[in-house]
Amino acid sequence: MPGTPTNIDRFIAGIDRAIFSADPVTVTAHAYDATNEFHYPAGVVRPRNAADVAAILRAANESRVSLFPRGAGTGFSGGSLPVDGGVVIDFLGMNRILDIDEASMTARVEPGVVTLHLQETVEKRGLYYPPDPASLKICTIGGNVAENAGGPHCLKYGVTRDYVLSLDGFTADGRPFGAGKGTLKDRAGYDLKHLFIGSEGTLAVFTGILLRLVPKPEDRILFTAYFRDLDDATAMVNTLLMRGIAPSSLEFMDRSALQAVESYAKLGINTSHEAVLIVEIDGRADEMPHLRGITQACLAQTAADIQVATDKREQEALWEVRRKASPAMRAFGNKKANEDIVVPRRNIPACIRELRDLAQREGLNIISFGHIGDGNIHVNIMYDGTSDAERMRVEHGLKQLFTIVNRYEGAVSGEHGIGIAKKRYLPANLDPVSYDLMRSIKRLFDPNGILNPGKMFY
Amino acid sequence: MARLKSAQDLQERLRRELANCVKCGACMAFCPVYRLDRTETSNMRGKLALLQAIETGRTIPPGAVRKALSRCVGCLTCRATCPNKVDTGLATILGKWHHAPVGPVGSVGQFVARLLRRSAVGRSLLVFAEEQHSSGMRLAPIVRHLLQMMRGRKCAKIYNNTNNKSGGLLLVPGCRLAGNDASCGAAVKLAEAAGLAGDNRPGEIFDGGCCGLPALAAGDLEGYADAVSRLMDVLARQRPQAILFLCPECWYAWRLAPELCELIPVEQSVWKMGAEFHAALAASGWQPGIRIEGRLAFHEACLYARGGGDREAPRRLVERMAAEKPVRSFREGTCCGARGGLVYDDPGMARRIAADRLDELRAAGAETVVTHCDRCRSFFGRQPEAQGMRVTSLLDLLGETMNHG
């Protein structure tokens with residue numbers, strides 16, 4: 001429901017006026033995210049603590065003002081965009097690491113803590129928080145929980161969901177809850193915690209998050225392996241896993257991505273290769289020689305060219321190929337349709353080939369790379385955003401892309417979330433009953449529809 | 001006479017830069033101001049979004065836009081980290097100029113500042129006022145400081161080449177180093193060693209005028225063009241073999257000239273003489289006469305490093321002068337806090353940024369901090385966190401090690 005002057009006034013009356021702003025600069029600065037779409041809110045609240053959040057939710061329910069929780073605004077699905085002109089809750093002010101418990105290997109944080117800051121802080125104590133979305137230097141733990149963020153390390157370590165022990169927060173009508181007991185095992189009723197994780201701010205708002213930590217790996221080795229055959233590259237994932245190698249990172253770039261990077265950065269890549277795998281293994285220092293030997297032997301079976309990096313500087317150089325992928329794509333268009341499909345691993349080669357056919361058939365610049373170990377492929381369609389004809393062509397291409405995803409038993413998003421960007425493709429990606437159940441859950445948790453409306457569902 | 005490009009060209013350039021920002025947020029990661037206050041408009045994405053919103057018809061009061069654009073230390077880390085190569089420095093300059101005019105009262109101030117910058121004494125006074133604003137100097141140092149600046153008010157010196165009287169080295173020390181004869185002398189010797197222009201002997205000292213950077217920072221493009229034009233006029237007459245800038249701000253203003261001004265061919269040829277001093281010196285094989293004991297750490301200057309890519313050569317020079325391997329304490333975007341509008345609008349925040357950086361350098365084990373910007377040196381040197389550490393400029397250290405050879 002839009003933030004009309006009348007209900008906004010009622011909303012403000014229910015909160016501490018000091019945390020609300022409707023000045024044009026603040027409003028504009030909360031109107032966008034990494035989708036580069038602009039939706040202007042009626043105002044922005046910046047809570048300082050849980051009491052502020054409770055008041056915000058109660059006031060919003062009473063005044064029927066919709067709320068849009070926001071971390072750093074780095075999402076690619078528009079999850080934090082205030083699509084109906086309500087009020088943005090900016091959580092960047094709640095950014096304290098409340099406690100690090102080394103004995104139980106946990107960290108309790110507020111939602112606005114920057115992911116990298118948490119990682120750096122716990123690493124000083126020999127601990128490790130593995131989820132590493134690409135935006136980890138700026139994105140927040142609250143945003144990561146809301147989107148169930150992943151990252152390259154999730155093949156071995158899992159996604160954000162696997163590290164959340166409990167959530168403290170408020171329901172849409174301002175009632176406090178604690179979901180999860182802070183224990184690894186918890187069978188006390190329905191698993192509300194996991195329902196909230198990845199709910200994109202549509203069911204509840206979090207103010208305290210207890211995270212599980214693991215011991216910090218002592219050492220890392222990085223391999224890049226170039227393949228002449230796409231099937232060999234994808235088959236290598238299983239080869240490694242079957243030999244007991246669980247790469248901490250397993251990145252994939254197809255020929256289109258390699259060509260784009262070479263054209264942009266001139267790194268001397270042999271672009272006749274069909275694909276490259278970037279394989280990172282980590283662990284205890286004493287086990288690394290053994291792991292290195294097995295990994296190298298596996299890769300040597302089918303890879304045409306293998307490079308190994310043991311020290312940090314060499315590893316940085318090898319990562320350059322992957323890091324240059326995003327900027328390299330800009331040469332192919334000023335606008336990017338940034339999709340992050342996920343398909344079962346066995347279907348990756350066929351899916352990639354279909355994407356190539358799609359690109360050729362529709363004349364689209366499709367560049368694919370991603371986290372092959374978990375079947376998550378970032379499909380990027382670059383185009384001229386100023387051309388209506390181009391936009392229509394990309395729209396048409398996206399419909400076909402998601403048809404391919406459905407055919408290969410995949411999901412429309414592996415880590416970016418649905419938000420507004422993919423909600424039109426969600427019904428066809430789910431069975432009707434699941435879709436209906438999800439909408440019922442939303443109605444149950446948020447009967448007045450004030451929490452992040454317009455997202456995920458129609 | 002260099003003149004400002006047409007308003008249409010400049011607006012088009014601004015639109016191009018804004019269109020290149022995809023709001024990915026990569027620039028936010030190392031922004032020293034955003035790191036501390038976590039306010040979206042403190043980072044470059046927020047600033048560019050404001051300008052983009054105005055371009056698409058949103059009404060935002062110019063004063064508010066100017067305030068948001070000025071909440072910046074001008075470190076250009078955003079430029080260095082942008083995957084789409086948005087020229088953030090240029091975009092904010094153009095944004096201030098086009099969308100955040102200063103208003104009638106500010107225009108008078110801008111006009112007065114422009115007049116002051118035309119005279120060497122006026123410039124000295126402006127620098128003096130600026131330094132006062134950001135520090136709590138006591139009276140005796142204030143007087144000493146003022147007198148030193150007045151001494152060296154002529155900010156450009158031409159050193160004639162003994163073999164070729166038609167030209168030589170033009171030294172542009174900038175307002176801060178103009179009175180520092182030792183630094184200027186060392187710079188000329190080093191320039192000879194770098195092969196920029198040989199066999200120099202002191203020649204004419206003249207007032208080349210302001211580099212135009214202060215006008216740029218204020219979004220006063222007419223004032224900048226005025227400064228460029230005056231400088232070009234003098235240089236076109238002098239026709240030096242090479243120009244050596246000792247101040248990153250002058251150097252950056254110089255580099256932006258072809259972006260913002262129409263230059264005639266003669267000016268273009270002079271413009272290209274702004275030689276890359278550190279790279280030339282490092283490549284020349286120059287070796288110091290002595291090595292500096294203790295752990296050195298290099299702090300790079302924003303406008304040299306992120307504004308023009310002068311990053312590795314100064315480090316190589318520091319390594320040569322160090323008795324032991326310099327410590328590397330380097331997070332991109334770490335900044336001394338002393339540039340941009342922040343130092344005026346929120347000096348407390350500027351000092352926090354400097355303190356953070358100094359703490360980081362100390363934690364890395366630095367005993368001597370070497371920077372290639374005199375503003376960084378001066379601002380760091382005034383912070384309590386610098387106690388017990390030596391803060392010096394690369395030029396002074398080069399001079400020191402050279403003189404012992």
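**Exercise 1. Determine which residue forms a salt bridge with A:R108, and where the two partners lie.**

Step 1. A salt bridge requires a side-chain nitrogen of Lys or Arg within 4 Å of a carboxyl oxygen of Asp or Glu, and A:R108 meets this rule with A:D168, the closest N and O atoms being 3.5 Å apart.

Step 2. The pair links distant parts of the chain, since A:R108 belongs to strand β6 (residues 106-109) of chain A and A:D168 to strand β8 (residues 164-171) of chain A, 60 residues apart. Helices (H or I, at least four residues) and strands (E, at least two) are DSSP runs, numbered from the N terminus.

Step 3. Relative accessible area is sorted into buried (under 20%), exposed (over 50%) and partly exposed in between, with a 1.4 Å probe and protein chains only. A:R108 counts as partly exposed at 30%, and A:D168 is partly exposed at 31%.

The model is predicted, so local features need pLDDT of at least 70 and side-chain atom pairs count only at pLDDT 80 or more, while totals for chains, interfaces and linings use all residues. Residues are numbered from 1 along each chain as its sequence is written, chains are lettered from A and ligands numbered from 1 in the order in which they are written, and side-chain values use heavy atoms, with hydrogens and water left out.

**Exercise 2. Find the salt-bridge partner of A:R322, and decide whether the two residues are buried or exposed.**

Step 1. The partner is A:E251, with the closest N and O atoms 2.9 Å apart.

Step 2. Because A:R322 sits in helix α11 (residues 312-323) of chain A and A:E251 in strand β13 of chain A, the pair ties together parts that are 71 residues apart in sequence.

Step 3. Both A:R322 and A:E251 are buried.

Step 4. In chain B, B:D87 forms a salt bridge with B:R79 at 3.2 Å between the closest N and O atoms; here B:D87 is buried at 7% relative accessibility, whereas B:R79 is partly exposed at 28%.

**Exercise 3. Describe helix α13 of chain A and state what its buried residues pack against.**

Step 1. Helix α13 of chain A covers residues 348-362, which makes 15 residues, and reaches 21 Å from its first C-alpha to its last. This is close to the 21 Å expected at 1.5 Å a residue, where the expected span is 1.5 Å times one less than the number of residues.

Step 2. The buried residues of α13(A) include A:I348, A:I352, A:L355 and A:A359. An α-helix has 3.6 residues a turn, so residues three or four places apart point the same way.

Step 3. Using contact in the sense of heavy atoms within 4.5 Å, the elements of chain A against which the buried residues of α13(A) pack include α8 (230-242), β13 (249-254) and α14 (388-407).

Step 4. Just after α13(A), A:G363 takes a positive phi of about 65 degrees.

**Exercise 4. Work out how many residues each chain gives to the contact between chain A and chain B, and how much area they bury.**

Step 1. Chain A gives 24 residues and chain B gives 32 residues.

Step 2. The two chains bury about 2200 Å² between them, 59% of it on carbon and sulfur atoms; buried area is the accessible area (1.4 Å probe) that two parts lose on being put together, summed over both.

Step 3. On the side of chain A, A:V25, A:I138 and A:R330 lose the most area to chain B, together 24% of what that side buries.

Step 4. Across the interface the rule finds 1 salt bridge, and the side chains of A:R70 and B:E40 meet in a salt bridge at 3.6 Å, N to O.
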